[in-house]
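Have the viewer open as you read.

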Amino acid sequence: MLKLGLGLGIIAFAPIVLGLLFQIYGRYDAIGVMLIIAFVVLVMMGFCGFFSCLLHMLPRKRACEGAVVEEDSDTNNRADASTIKKHRIGCCVVETAGPGESTVKNSTHNVSSSSNNNNHSSSSLGEEEQEHTVVMALGDANPSDIDEDLHSRQLAVYGRETMRRLFASNVLVSGMQGLGVEIAKNLVLAGVKSVTLHDEGVVELWDLSSNFLFSENDVGKNRTLASVQKLQELNNAVVVHTLTTELKKEQLSDFQAVVFTDVSLEKAIEFNEYCHNHQPPIAFIKTEVRGLFGSAFCDFGPEFTVFDVDGEEPHVGIIASISNDNPALVSCVDDERLEFQDGDLVVFSEVRGMTELNDGKPRKIKNARPYSFTLEEDTTNFGTYEKGGIVTQAKQPKVLNFKPLKVALNEPGDFLLSDFSKFDRPPLLHLAFQALDKYLTELGRFPIAGLEEDARKLISLAESINESLGDGRLEDINPKLLRHFAFGAKAVLNPMAAMFGGIVGQEVVKACSGKFHPLFQFFYFDSMESLPTEPLDSRDFRPLNSRYDAQISVFGSRLQKKLEDAKAFIVGSGALGCEFLKNVALMGVSCGSQGKLTVTDDDVIEKSNLSRQFLFRDWNIGQAKSTVAASAAASINPHLNIEALQNRVGPETENVFDDAFWENLNVVINALDNVNARLYVDQRCLYFQKPLLESGTLGAKCNTQMVIPHLTENYGASRDPPEKQAPMCTVHSFPHNIDHCLTWARSEFEGLLEKTPAEVNAYLSNPSEYTAAMQNAGDAQARDNLERVLECLDKEKCETFQDCIVWARLKFEDYFGNRVKQLIYTFPEDASTSTGAPFWSAPKRFPHPLQFSSNDPGYLHFVMAASILRAETFGIPIPDWVRNPKKLAEAVDRVIIPEFQPKKDVKIVTDEKATSVTAASVDDSLIINDLINKLEHCRKNFPPGFRMKPIQFEKDDDTNFHMDLIAGLANMRARNYSIPEVDKLKAKFIAGRIIPAIATSTAMATGLVCLELYKVLDGGHKLDDYRNTFANLALPLFSMAEPVPSKVMKHRDMSWTVWDRWILKDNPTLRELIDWLKEKGLHAYSISCGSCLLYNSMFPRHRERMDKKMVDLAREVAKVDLPPYRRHLDVVVACEDDDDNDIDIPQISIYFR
């Protein structure tokens, strides 16, 4: 405020003082000039102080770096004339004066220069420098800083080094129709340094079918200028530039990667040749979406190095033995299967005896088996293997030699396949896209949908190109396919743009970072199966002067009407949900008078969501996801009829999502992140016979599954095997990797800071009820609970912050000193098992106790985090000095540590099948009574209203010390067992169970699903028209196949699948149900409702129920609650046929209303 006052004072008195100076020094002598100049500088400082104060009062967005274009007076030399000079600035505002004209105003006065950090030599953006605009936000920061809160899920995929390379990369995206904007969106979310948007064209109504940034108000505006502001909002740390005039090849030298989505083949070859020959090479990508057809071509230069071909963690094995042979046989423990392959390189470490292998040299292996492999090395003269050892895969870089586009067109090599049922399709599409380019060159326009003459022209061009190929020509150019290709050539469909936007966006990341294997070099894709099953005539393709005209040119107006009238349900509005909402809004789903889209999500927006869930902004943090996402989707298409709910979909919300709700739906789209919720929605769709479109992502991988009534199996029909859990004894006493340490640390965190305080509160809230429950239980768990409550309230009670430091220091001694001393006392290094084998053999690692030192920053940080969190649970104020290492060390050094003496009778669990480390005792009930008496005495020392404050683990807040404590616990334990330690970020990934996620795989998955949505809403498609997909963008790999059909069961002349449900109306009795089944040749011997048995033929008393209504039996026997909105109940009937063979019949629904 002082700065603000001084600034205002100088501004107010400036005119008066300046006038006096001119009067006194009107002759402009040297002294006068110097005084006037000094005063002008003072005035400028006043303005600076005034406006900088106002600027600091504004809310700040995420930090970023911007660029300002400054004109150079010499514009004759195109290579050097107008170099871009970049400055760090506070705030820029773009003002557009007209097409291709924009200026950048800087709201701060002082601008400090900073160098351009791109990898290429500095060069011109051409003569139209004034066309280049910048949009950015408040703030300045080091661009190499990684916002781990924002990018945590992406960091789990890429790692820090790849992210840093991305942050230094400048990318050009040319063509701002649907495909271009999808690529740009994914790159801005990924966090590259800058994205330059290029397009000379203007927005047409046609573009609204695929570009989620455009509105009808943008029609007639330049596409880049209409896109830039909304793209910038996605990530203020990325600088978004625009270019609105013709692109010159020399301008490409300012980028690490360039992407062209709408460029002629001639121009593409020119640009590609420049990029290929540039030093260093510029990654070049050409991609197109034409109706239901898409293509991508990559050229990353003559020699491109891939540092990590698959992004997977190096495989590791624990050695059990190594032979002195040529070649040597290496055997590993059967704890986990080895994932090595023949030809892999591996390195050895920690090998005892045969120490020659510990030299860090990569060695090639062969004959890889699940638990052994052969080493291509003679170990005959090596030392004899004794014990221990880790073998780790040594991942090697790979160099790729890309061909330039001109050469690759004639020598395409192997095409990347996506669908093995279309193995002959890529060469045909290679030809089709060349024919379309020739068509555009000759006629200057796209073929018109429905105009057979245009289709014939394109087919003729394809035939002539094919004939010119000589021996390489195709035998069949498939005129029917080329006809569809021609009709849809002008259209950019949103699902295709989303899919290719994900693929190409990932290729740009690869080009900028060397992470993952690039596409080498052509990829073609089509989804002809998405076309309507009924034939269309030319009138169906006529444009209606609507935002859906591009889509109508491919599918016809009848399917468009079905899309608009659809009643859809999207479950979840996170990363997948945001993409789905954008896609369906652009497609026009539920945008008609009869349509309705319901979206539900019970979660709220967090900062970590913003790197993928692009419908959210930083000012939405804390708001309901579904509400914000629905509002954003409605802004994309104002005709969208959408209702947002904040309900979890499950048994507890069946009053919201009742029978009428499900019965009214046309399709359900899952956008969930957990298996249990997916299974529930799957059962609902199965029950009400509704199509379910399922998808999921994991890092660069994604999968889609179509669940179609009466055609495919349901989602729950096949499940992944359960994830292998480490034995309890391994986690608690014998860890051998960092995952074990982090699992233990997370468990200890929850026990100390959440479960124990909660138990304390349960006791203090109602002591008599709590102690009675413990006495009734009378087991080891009850004893353990009481011991923890008593310890917390008595021996470990904290009243001051120094008490918390004492507690934390003693915990360190207990965890990392005393327990280890006890363990090695019970099992010394030379201990043997009952069979005589060494106890400490692989995978067990012999531990060593830690000696605390306040000079060790890691030890001190552990104590700080533990004491702060302990103070929180007791409601003790946290002093500022705790963050001062010197003062904290002094406080810690004052703690008196009692001497530890190992005990002889301590039992340590070694059984891998044990589920608890707490041993039961015959004296549990006596001990429990004693503990209760002690608790009663202890409770009197606390005020009546005292309660502890349990702490729930929150991984995404780096200021709460949760991850500091967990990382500290895990790393100290790792140090005990000589296990490599991890940093806090890696600890967060494992302990926080963070699912790796990136925007590109999410976009691709949703694009694929929406291609299937066309089929579902059209109706009439066969099983072999649908596609399930597994893709891994890291490799890249695309595997598409038709879904697995549902299993058919037969009896007499009847057949049914899991999709069928038999319905019996008019509120029948038990006898009527049994007789109804007898008519079908089925003899019911058991009928149940839920988990309760209503009838069994073996029980004579059940025959007394024969004339009771089924609904009354359900209420009386099964105690079923049937609210007013329920019109039926379901029963499961076990039946036999006439030959006493069990027959698995469908579920039976009894309608009683």
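## Helix α20 against helix α27

In this predicted model, helix α20 passes helix α27 in a right-handed crossing. On the α20 side, the contact is built from Ile738, Cys741, Leu742, Trp744, Ala745, Arg746, Glu748, Phe749 and Leu753. Facing them from α27 are His962, Leu965, Ile966, Leu969, Ala970, Asn971, Arg973 and Ala974. Sorted by class, the contact of α20 with α27 holds 12 nonpolar, 2 polar and 3 charged residues.

As for the geometry, the axes of α20 (residues 738-765) and α27 (residues 962-976) come within 8 Å and cross at roughly 130°. That angle makes α20 oblique to α27.

## Helix α3 against helix α28

The axes of α3 (residues 148-158) and α28 (residues 984-991) come within 11 Å, with a crossing angle of roughly 70°. This makes α3 roughly perpendicular to α28, and the crossing is right-handed.

## The open sheet

Now to the strands. An open sheet of 8 strands runs in the order β23-β22-β21-β24-β25-β26-β27-β28, with mixed pairing. The edges are taken by β23 (642-645) and β28 (1037-1041); each has a single partner strand, so one side of each is left without a neighbour in the sheet. On average, and ignoring direction, neighbouring strands of this sheet are turned by 10° against each other.

Helix α16 (residues 625-636) lies across β22 and β23, and runs at about 165° to β23. Helix α29 (residues 999-1018) also packs on the sheet, where it touches β24 (667-670), β25 (692-698), β26 (701-707), β27 (1028-1032) and β28. The direction of α29 makes about 15° with that of β26.

Note on methods. Residues numbered from 1 in each chain as written. Predicted model: local features only at pLDDT ≥ 70, side-chain atom pairs only at ≥ 80, totals over all residues. Heavy atoms only, no water. Axes fitted to C-alpha atoms, helices over the stretch in contact; angles between N-to-C directions. Helix = DSSP H or I, 4+ residues; strand = E, 2+ residues; numbered from the N terminus. Parallel < 35°, antiparallel > 145°, perpendicular 65-115°, else oblique. Left-handed = near helix turned anticlockwise from the far one by under 90°. Contact = heavy atoms within 4.5 Å. Nonpolar A, V, L, I, M, F, W, Y, C, P; charged D, E, K, R; others polar. Pairing = 2+ DSSP bridges.
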